[in-house]
Amino acid sequence: MSRQHLYLFGRFRLNKNQRTLFYGETLVHLESMAVDVLLALLARKGNVMNKEEMALEIWRQDLVEDATIHTQIRKIRTALEAHDETRYIENHAKRGYSFLDSSRWTGMVKEEWQETGTPGSGSAEKQILLLPPAPDLFIGREQDLDALKGCLGITLDGRIPATAQPVVVVRGPPGVGKSSVAAALAHHPETREAFRGGVLWVSLGQEPKLQNILASWGRELGTDELLKSKTLTESTESLKKLLGEKRFLLIVDDVWETAHAEAFKKARGSECVLLFTTRVTTVATEIAPRHLYPEGIYLLPDLSEETALELLARLAPRAVTKYEQESRELVRDLQFLPLALLVAGRTLDAEEKLGVGWSVRQMLVALRTGAEIIRQTAPANMTDLENETTPTVAALLRMSTDRLDQSTRDCFAALGAFRSTPATFDLRVLTKFWKMKDPMPVVRALVGHGLLEPVRTGEFQMHALLRALARSMLK
Ligand SMILES: Nc1ncnc2c1ncn2[C@@H]1O[C@H](COP(=O)(O)OP(=O)(O)OP(=O)(O)O)[C@@H](O)[C@H]1O
Ligand SMILES: [Mg+2]
């Protein structure tokens with residue numbers, strides 16, 4: 001059970017671990033970025049935080065427009081002023097901002113550490129949270145978060161909406177942001193409110209040790225009893241008992257096999273909601289409750305063009321400002337996939353910092369095929385924790401192709417030869433290309449593994465980065 005780091009000011013309580021703000025018993029809604037700003041100001045204990053420090057610490061950039069910072073400050077002020085007229089945040093002309101005056105810090109603002117509990121909820125019941133960190137950089141996705149909140153039954157008034165389901169599956173291609181969206185949801189203050197019991201998280205991967213995972217959840221729930229279980233069935237039964245009628249959100253990220261999900265479905269308490277994420281389409285359809293299919297499955301779309309460009313600009317601000325058109329073409333070619341944008345942004349920024357002017361433009365062109373991207377290591381937050389290694393992007397993608405049989409894998413690789421963007425095929429083209437009478441079994445296998453996506457009747461699309469992988473397999 002963890003210690004909670006709280007900031008108390010007036011009747012407000014900001015919980016740094018949970019990133020929730022309460023005014024007395026009332027949850028105060030504040031977007032994630034505004035919470036970051038508030039926490040950074042509070043950590044300064046009344047001292048001025050200048051704009052360069054804010055840019056670096058909060059946005060992780062050298063420079064951020066004044067207007068961007070001011071928007072977040074305004075959001076915080078509006079949220080606080082709705083309850084209390086105290087001027088908590090001060091402007092210091094041309095310098096920056098501070099949280100109250102330092103001389104009043106001790107009286108008005110306090111920092112405290114408490115054992116796990118729900119601040120401001122007033123209940124003695126402890127909220128249990130087993131979570132990965134909230135994503136550092138997470139943009140766009142408001143619509144997806146709202147839609148998913150509807151599926152999970154999260155509302156501020158506590159009423160369960162008609163869209164709510166006990167089991168929800170998020171699926172989508174590798175690197176589209178399934179784990180990030182699930183983590184953002186898990187950290188959302190409204191989620192904390194809706195699931196008073198708490199949130200339990202696990203990322204399964206290809207070979208999960210299910211009994212150990214259930215035992216670790218059991219430990220979070222206050223008992224080591226599950227360590228003694230002899231069988232998986234025994235473990236699921238014990239966990240179900242522990243969850244009882246408590247309201248928990250259970251997040252099972254990165255599922256590769258339907259059988260792995262079964263244990264969690266069996267262990268789900270009557271008031272719990274289960275959220276699965278997977279890149280394997282057949283697994284998604286098998287896990288989602290039949291009567292709810294396809295509503296039980298949320299296909300996470302690519303980012304919008306503008307959000308994708310914004311993401312690239314956050315990572316490589318100078319390169320994107322200088323070569324706006326080329327950057328736009330790059331995000332289009334990468335089909336707005338967060339993973340690809342992250343690696344591309346990082347590469348561009350490094351190139352820019354080398355200071356060889358023309359090489360940035362060359363790199364912008366080189367990145368467009370995706371070949372340059374799949375060679376690189378994946379972002380640090382995709383590190384394989386068990387082996388403590390960060391795979392290359394190609395290795396991350398190959399986790400999907402490695403599951404194909406040899407001849408299907410060859411068919412997949414062959415599609416790398418197509419040059420059109422986006423890579424879209426109809427059955428006629430595939431019949432000719434694979435030189436087979438009936439391409440459907442192969443198509444079915446590729447769709448099932450999440451490597452092809454049906455877009456319109458008879459047409460299938462391959463994501464840009466997967467096409468780059470296919471091309472690399474051809475060589
Ligand atoms: N909305 C976003 N804003 C900024 N970065 C994002 C966003 N979504 C995803 N990312 C980043 O893109 C990378 C891939 O995201 P994530 O790991 O969530 O993908 P995934 O769909 O779970 O992939 P996989 O199929 O491999 O599990 C991560 O480094 C993540 O931080
Ligand atoms: Mg993931």
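This report walks through a predicted model of a protein chain with a ligand, from its domains down to single residues.

## Domains

Let's start with the overall layout. The chain splits into four domains: domain 1 covers 3-115, domain 2 covers 128-299, domain 3 covers 305-368 and domain 4 covers 399-474.

How far apart are the C-alpha centres of domain 2 and domain 3? They lie 34 Å apart. The two domains do touch, with seven residues of domain 2 in contact with eight residues of domain 3. On the domain 2 side of that contact you'll find four nonpolar residues, three polar ones and no charged ones.

## Around ligand 1

Ligand 1 has 24 residues around it, and the ones that come nearest are Gly177, Lys178, Ser179, Ser180 and Pro338. Sorted by class, the shell has 13 nonpolar, seven polar and four charged residues.

As for helices, α6 (178-187) and α15 (338-354) each supply at least two residues of the shell.

## A covered strand, β10

Strand β10 spans residues 167-171, and five of its five residues are buried. Val167, Val169 and Arg171 point one way, Val168 and Val170 point the other way, and all of them are buried.

What does β10 pair with? Strand β13 (residues 273-278) runs parallel to β10 and is joined to it by five bridges; here valine 167 has leucine 274 as its bridge partner. Strand β14 (residues 297-299) is also parallel to β10, with three bridges between them, and in β14 the partner of valine 169 is isoleucine 297.

## Two helices with a buried side

Helix α18 takes in residues 393-401, and its buried residues are Val393, Ala394, Leu396, Leu397 and Ser400. Why do they share a side of α18? Because they cover an arc of only 160° around the axis, they sit on the same side of the helix. The buried residues of α18 pack against α15, α17 (371-375) and α22 (464-474). Recall that α15 also supplies residues to the shell around ligand 1.

Now for α21, residues 440-448, where Val442, Ala445 and Leu446 are buried. Their arc around the axis is only 95°, so they lie on the same side of α21. Among the elements covering these buried residues are α19 (406-414) and α20 (427-434). After α21 comes glycine 450, with a positive phi near 75°.

Isoleucine 73 is in helix α3, residues 66-81. Is isoleucine 73 buried or partly exposed? It counts as partly exposed because 17 other C-beta atoms lie within 10 Å, while a buried residue needs 20 or more. Leaving out residues up to four places away in sequence, isoleucine 73 touches Val37, Ile89 and Tyr97. One of these, isoleucine 89, is 16 residues away in sequence and 8.0 Å away in space, C-alpha to C-alpha.

Asparagine 17 sits in the loop between β2 (12-15) and β3 (20-23). It is partly exposed, since it has 17 C-beta neighbours inside 10 Å. From asparagine 17 to alanine 34 is 17 residues in sequence and 15 Å in space, going C-alpha to C-alpha.

## Two residues with positive phi

Some background first: most residues other than glycine have a negative phi. Lysine 45 is not a glycine, yet its phi is positive, at about 50°. You'll find lysine 45 in the loop between α1 (32-43) and β5 (49-50). Lysine 45 is partly exposed because 14 other C-beta atoms lie within 10 Å.

Glutamine 335 is another residue other than glycine with a positive phi, near 50°. Glutamine 335 belongs to the loop between α14 (324-333) and α15. Is glutamine 335 buried or exposed? It counts as buried, because it has 25 C-beta neighbours inside 10 Å.

How values were computed. Residues are numbered from 1 along each chain as its sequence is written. Chains are lettered from A and ligands numbered from 1 in the order in which they are written. This is a predicted model: local features need pLDDT of at least 70, side-chain atom pairs count only at pLDDT 80 or more; totals for chains, interfaces and linings use all residues. Domain bounds come from an automatic or database domain assignment. Ala, Val, Leu, Ile, Met, Phe, Trp, Tyr, Cys and Pro count as nonpolar, Asp, Glu, Lys and Arg as charged, and the others, Gly among them, as polar. A residue is near a molecule or strand if its C-beta atom, placed from the backbone, lies within 6 Å of it. Helices (H or I, at least four residues) and strands (E, at least two) are DSSP runs, numbered from the N terminus. A residue is buried if 20 or more other C-beta atoms lie within 10 Å of its own, exposed if 12 or fewer, and partly exposed in between; C-beta atoms are placed from the backbone. Two strands pair if DSSP finds at least two bridges between them. The arc is that of the directions from the helix axis to the C-beta atoms.
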